[in-house]
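This briefing is meant for a reader who is meeting the structure for the first time. It takes up the contact between the chains and then turns to the ligand and its surroundings.

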Amino acid sequence: MNFDFNDDQRAIKRTAHDFLTARYPAATVRALAGDDRGFTDEQWNELAELGWTGLVVPEAEGGLGLGAVELVVIQEELGYALAPTPFFSSVAATLLLVAAGTEAQRERWLGPLASGEARGTIALWDEHGAWSPDQSEVEASGDTLTATKIAVADAAAADVLIVAAADGRHYLVEAADPGVRIEPERSLDPTRKLFKVALDGVAADSLALEPARIAHAYQTIVTALAAEIVGVAQHAMEMAVSYAGDRKQFDRPIGAYQAVSHRCSQMLLEVEGARSLAYWAGWALDHEPDAAARAASMAKAYASDAGFRVTASAMQVHGGIGFTWEHDLHFFLKRAEANAHAFGDARWHRDRVAELSGV
Amino acid sequence: MDLTLSPSELAFRDELRAWLLANHPGREPVGDEAAFAFRRDWQRQLHAAGWAGVSWPTKYGGRGATLIEQAIYNEEVVRAKAPQAANVLGLAMGGPTVIAHGTEEQRRRYLQPILSAEEIWCQGFSEPDSGSDLASVKTRATRHGDEWVVTGQKVWTTFAHHAKWCMLVARTDSDAPKHKGLSYFLMDMDQEAVQVRPLVQITGEAEFNELFIEEARIPHENIIGGEGNGWAVAITTLMHERATLAFGLQVSAQIALNELIEKARSTRANGQPASEDPVIRQRLAQLLIEAEVLRLNAYRGLTAIMRDGVPGPEGSLGKWHWSEVSQSLTELAMEIAGPRAMLAEDEWTYRFLRARANSIEGGTTEILKNIVAERVLGLPRMR
Ligand SMILES: Cc1cc2nc3c(=O)[nH]c(=O)nc-3n(C[C@H](O)[C@H](O)[C@H](O)COP(=O)(O)OP(=O)(O)OC[C@H]3O[C@@H](n4cnc5c(N)ncnc54)[C@H](O)[C@@H]3O)c2cc1C
């Protein structure tokens, strides 16, 4: 029984932390948030050179073949740095292809996705759809697909779209297909670009119907997202604690007032709770698959609430300055809140937990 | 990262599990005296089989168990719904304090009878005017030759009515700054000068007491950790109170939660099982998640202790978080009971009431938040 990362994982964490904090200082995050594309080729190539784009791809297919724990480690650091990058979207699509891609799909796409030459994303939410991430009503007719998907992350940067459809089906669509129209949407979180994707009779290439493997991929995705929220919340908490120690009112640091200090203690409780669950879920995905569905939903439900609460509470500690565009906190709040709703919100995942626990 | 038990830890667990299964003495009788006698017998049985004080060194009658084994022990005992040992305060707090700060002679004198439940311990810290602000205690001890003469009042003293020894924090130097003038005594409760009066709790039972101390005598050799060093010794006791119990507590929360789920399934509310009400489902799920956090944080805390020798930040959050989980759980039970919540008809009524103490006993939630803010986050002190 040991909660510590092994040496390799620790090395990944250190590299990720140092690299990301150096590459994504606040000014860079801010500039990318205001930029339509939201990342540069140079930044992308650096992530690819670190091997991260191939993290979840088996070695035989051109990747590193690492596990969910390593992904959790990197995602936490990406969240801490608030890095704007299509990395997570591409890894999410890659996870689905690794889980259920046909032989031809794997051969065509896994190599380029692993090397970073290509990028992917998942088109999940129907335009007039339900709140549940698994309730798409999209159906293919023959081997073509006509549908509109909303809030598709990083679609403009993607070469390949994995489109969720009814009955747990998924289709691979190439972004270059003339029937694909991608329009930017205004997103709550400017560090992750969202798009509306209209598909008009595009060639739809079905992934294999492998419900268990696809479920495992989605569990990995939500665990990775929960880990990202942990990083976001950790950073916001550090900002609040540091501000509470510096800022003086009524002749003493505001952190000496319990209304402020107890808020900060509460942040720690929630950040550490979210972290424990995300690490556990990552471990379960790699080593105890039977526990993974429940662990992943627990991690995502808890992190979704904690991410918003901690960043909002950090804003309260900052007073008026925290509400300004000029201050960085709002980027943290927005990323946490947007992540809370991606791939199933707290309510949906709690319902899963209830079901999986025999309630 | 490896969240499984090693073969030797599994063997430890299986051996204990089998022993508990074979030796479980059944349901505890009702009534303070009967329940106490039952718990004392149970502890004797534990001790005879080597299952009392598992983490203590073998030379003092313990098992020399590792931290993980100790955690497993606490989990398994709760999971088996084994009775409480009679001497909980001696086992969880008194013994570890003597091991940490006592002389070799004191260890030889006190540890064995704690394990066998021959001598029950209680904790005389709180006073009417000194609760959270423990360092302000007024109970005075004055030296007369080889003896100390003690006068004062203690309150909320759990199990004082069964106890032979009291861990007593008293002021031995009123000129010194308040944290420096304290000493930690072991006071013999068997003397006329110590009067114990039961205090009835909101549950109707009387676990705790008032102590009226009027010129009680304590031999000088009964000071633990040296004269004037009482604060440091008392902190050791409190750390053990908050940390050692964490594992048992998190499992008892899990078990209570499973019982609550059963209750939700079997209670009909508005024509359907309460467990199908979406709001109840959400709250049950949230509690399942929080209980999981308690378990994981407890283990992460152990990993930190094994790595750094001191508890990590996660550890100090446990007692506070547990009290919240324990309280919300019983509040939800009342909600599930619906109108029957007005009746005191099952043990949930007791649990609901007893849980109110969870955020007060062993350090209030406010004090624990202060500790987290100042010691873990490094925020400025209040004063
Ligand atoms: C069931 C039970 C069993 C107990 N058993 C024992 C025992 O065996 N031995 C023993 O010695 N004691 C025991 N206690 C006493 C317990 O440790 C005290 O009740 C506790 O430390 C609080 O002290 P108090 O009751 O004097 O409340 P106070 O300290 O007066 O606190 C009252 C309120 O003020 C708040 N407060 C106080 N100071 C601060 C501050 N600095 N910042 C913010 N808020 C503050 C508290 O959080 C609380 O809400 C027991 C208590 C209970 C309920």
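In this predicted model, the contact between the two chains takes 45 residues from chain A and 45 residues from chain B. The area buried between chain A and chain B comes to about 4,200 Å², and carbon and sulfur atoms give 65% of it. On the side of chain B, the residues that lose the most area to chain A are B:M1, B:L3 and B:R300, which together make up 19% of what that side buries.

**Where the ligand lies**
- The ligand lies between chains A and B.
- Within chain B, domain 2 (121-228) and domain 3 (233-376) both give residues to the shell around the ligand, so the ligand lies between these domains.

**The shell around the ligand**
- There are 19 residues around the ligand, and those that come nearest are B:Q123, B:S132, B:W156, B:T364 and B:E366.
- Sorted by class, the shell has 9 polar, 7 nonpolar and 3 charged residues.
- Helix α11 (residues 365-376) of chain B provides the largest share of this shell, with 3 residues.

**Polar contacts and burial of the ligand**
- One nitrogen atom of the ligand lies 2.9 Å from a backbone N or O atom of B:W156, and a nitrogen atom of the ligand is also found 2.7 Å from an N or O atom in the side chain of B:T158.
- An N or O atom in the side chain of B:T364 lies 2.7 Å from an oxygen atom of the ligand.
- The ligand exposes 960 Å² when taken alone, and the protein buries 69% of that area.

Technical notes
Residues numbered from 1 in each chain as written. Chains lettered and ligands numbered in written order. Predicted model: local features only at pLDDT ≥ 70, side-chain atom pairs only at ≥ 80, totals over all residues. Heavy atoms only, no water. Near = heavy atom within 4 Å. Polar contact = N/O pair within 3.5 Å; in protein donor to acceptor, adjacent residues only side chain to side chain. Areas by Shrake-Rupley, 256 points an atom, 1.4 Å probe, with all protein chains shown as cover. Helix = DSSP H or I, 4+ residues; strand = E, 2+ residues; numbered from the N terminus. Nonpolar A, V, L, I, M, F, W, Y, C, P; charged D, E, K, R; others polar. Domains from an automatic or database assignment. Contact = heavy atoms within 4.5 Å. Buried area = accessible area lost by both parts, 1.4 Å probe.
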